[in-house]
Number of protein chains: 2
Amino acid sequence: MDVLVPFDAVDPKSRLGPELDVRERREFAEAMLADVLDALAGTDAEPVVLATGALDCSVPVPVDVDERPLSEAVNARLAARDGAPLAVVMADLALATPEALAALFERRGDVVLAPGRGGGTNALVVRHPEFRVDYHGASVHDHREVARRVDADLGEVDSFRLATDVDEATDLVEVLLHSRDRAHDWLVEAGYRVVAGDGRVGVRRR
Amino acid sequence: MDVLVPFDAVDPKSRLGPELDVRERREFAEAMLADVLDALAGTDAEPVVLATGALDCSVPVPVDVDERPLSEAVNARLAARDGAPLAVVMADLALATPEALAALFERRGDVVLAPGRGGGTNALVVRHPEFRVDYHGASVHDHREVARRVDADLGEVDSFRLATDVDEATDLVEVLLHSRDRAHDWLVEAGYRVVAGDGRVGVRRR
């Protein structure tokens, strides 16, 4: 499976701004990217990082630099494929495992979605020449609509690991609880630990 | 599979207090319970609602009233089973499907966990005489530890639908986006709709 892994190399993880400074956000984002690429390496994926700028990635994978907005850059590549299978897997899926990704790639459907929390589309597979992405807003809803409009068979995978993108401070606890890889170790090194709260647990930094 | 479905009949969904008044919280909680029971009806489950008080449930299922705190009430029943399989499925898993629940029941393991967001344990299966639950804090972490301590084979299922319990206002959007059942219809009737935000989408009430 050919896989695009979009990565914001200019201002990664900006919504973690209240938690992490610019250098830290970059380091943490690169740790998550490396974890995603490691998980992909346990599947039949042939990944290419689709980056908005130059990138120093610790995992040896081709990098394709495209400064355009995410949806535009992805759609340019979908158009060029003309229905040949292409997957898009976000670079902040720190909990992704080879099993969860393989289940996505193997699921039948002209379009297969992995919904993210809060209406996102954290990963998808496109095998239809007319399907295009729009990552703005409740994209999982919009992508279902687009699939219907172009008469594509729609599949969805049900995965907590693929639904968990790491954008906000409350997401960090999932990395601490459910990963043992680079992003987890980075958070531990940075002093994060799990703390019990009123309902769900959260994180605190030393 | 024998299944306990714990339900707080006294003050359900208290963390939705800022959103919904007492009567609404009760109605919405009962709608979610009915959705969970419907999903269980599509599996081999024989469910019993474990309620902290009297309950008027629209789905005909036995109700076992136990006023003790959740962990204590569940552990009393686990002790009585002496290792015979028993599942516990939370009543606020409004996105649960027969497929997701069947995957949980069928997964091998003396203890099988379905992690929830924020460290919870949204569902589990126990087939070990010594395993006990403790739902306080990061219970998924604690349950992994307990399974190790009693030398139980541990399994986990990876399901967004089972990971999504509905406790807080930000969770309501998941029901609007990924369910078409009672809880979804209740929210729509109450005036909720999806609104785009800065990152993830949220909800707004009319």
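The two copies meet through the same surface, because 100% of the interface residues of chain B are also interface residues in chain A. This holds for a predicted model, and every value below is computed from that model.

Chain B is superposed on chain A by a rotation of 180° with 0.0 Å of shift along its axis, and the RMSD is 0.0 Å. The two copies are therefore related as by a two-fold rotation axis.

Within chain B, a pair of helices may be considered next. Two packed helices are described by the angle between their axes and the distance between the axes. Helix α1 (residues 22-41) of chain B packs with helix α7 (residues 182-189) of chain B at an angle of about 150°, and their axes are 7 Å apart. Since angles over 145 degrees count as roughly antiparallel, α1(B) is roughly antiparallel to α7(B). From α1(B), the residues in contact are Glu24(B), Glu27(B), Phe28(B), Ala31(B), Met32(B), Ala34(B), Asp35(B) and Asp38(B); from α7(B), they are Arg182(B), Ala183(B), Trp186(B) and Leu187(B). The residues of this contact comprise 7 nonpolar and 5 charged, with no polar ones.

Strand β1 (residues 2-7) of chain B contains Leu4(B). With a relative accessible area of 6%, Leu4(B) is buried, because buried means under 20%. Leaving aside residues up to four places away in sequence, Leu4(B) touches Val48(B), Leu50(B), Arg77(B), Leu86(B), Ala87(B), Val88(B) and Val89(B). Leu4(B) and Asp64(B) are 60 residues apart in sequence, yet the C-alpha to C-alpha distance between them is 9.3 Å.

In chain A, attention turns to helix α3 (residues 98-106), whose buried residues are Ala100(A), Leu101(A), Ala102(A), Leu104(A) and Phe105(A). The buried residues of α3(A) pack against both strands and helices of chain A: the strands are β1 (2-7), β4 (86-89), β5 (111-115) and β6 (121-126), and the helices are α1 (22-41) and α5 (160-163).

Notes
Residues are numbered from 1 along each chain as its sequence is written. Chains are lettered from A and ligands numbered from 1 in the order in which they are written. This is a predicted model: local features need pLDDT of at least 70, side-chain atom pairs count only at pLDDT 80 or more; totals for chains, interfaces and linings use all residues. Side-chain values use heavy atoms; hydrogens and water are left out. Copies are superposed by least squares on the C-alpha atoms of residues with pLDDT of at least 70 in both. Contact means heavy atoms within 4.5 Å. Axes are lines fitted to C-alpha atoms, for helices over the stretch in contact, and angles run from 0 to 180 degrees between N-to-C directions. Helices (H or I, at least four residues) and strands (E, at least two) are DSSP runs, numbered from the N terminus. Angles under 35 degrees count as roughly parallel, over 145 as roughly antiparallel, 65 to 115 as roughly perpendicular and the rest as oblique. Ala, Val, Leu, Ile, Met, Phe, Trp, Tyr, Cys and Pro count as nonpolar, Asp, Glu, Lys and Arg as charged, and the others, Gly among them, as polar. Buried means under 20% relative accessible area, exposed over 50%, partly exposed in between (1.4 Å probe, protein chains only).
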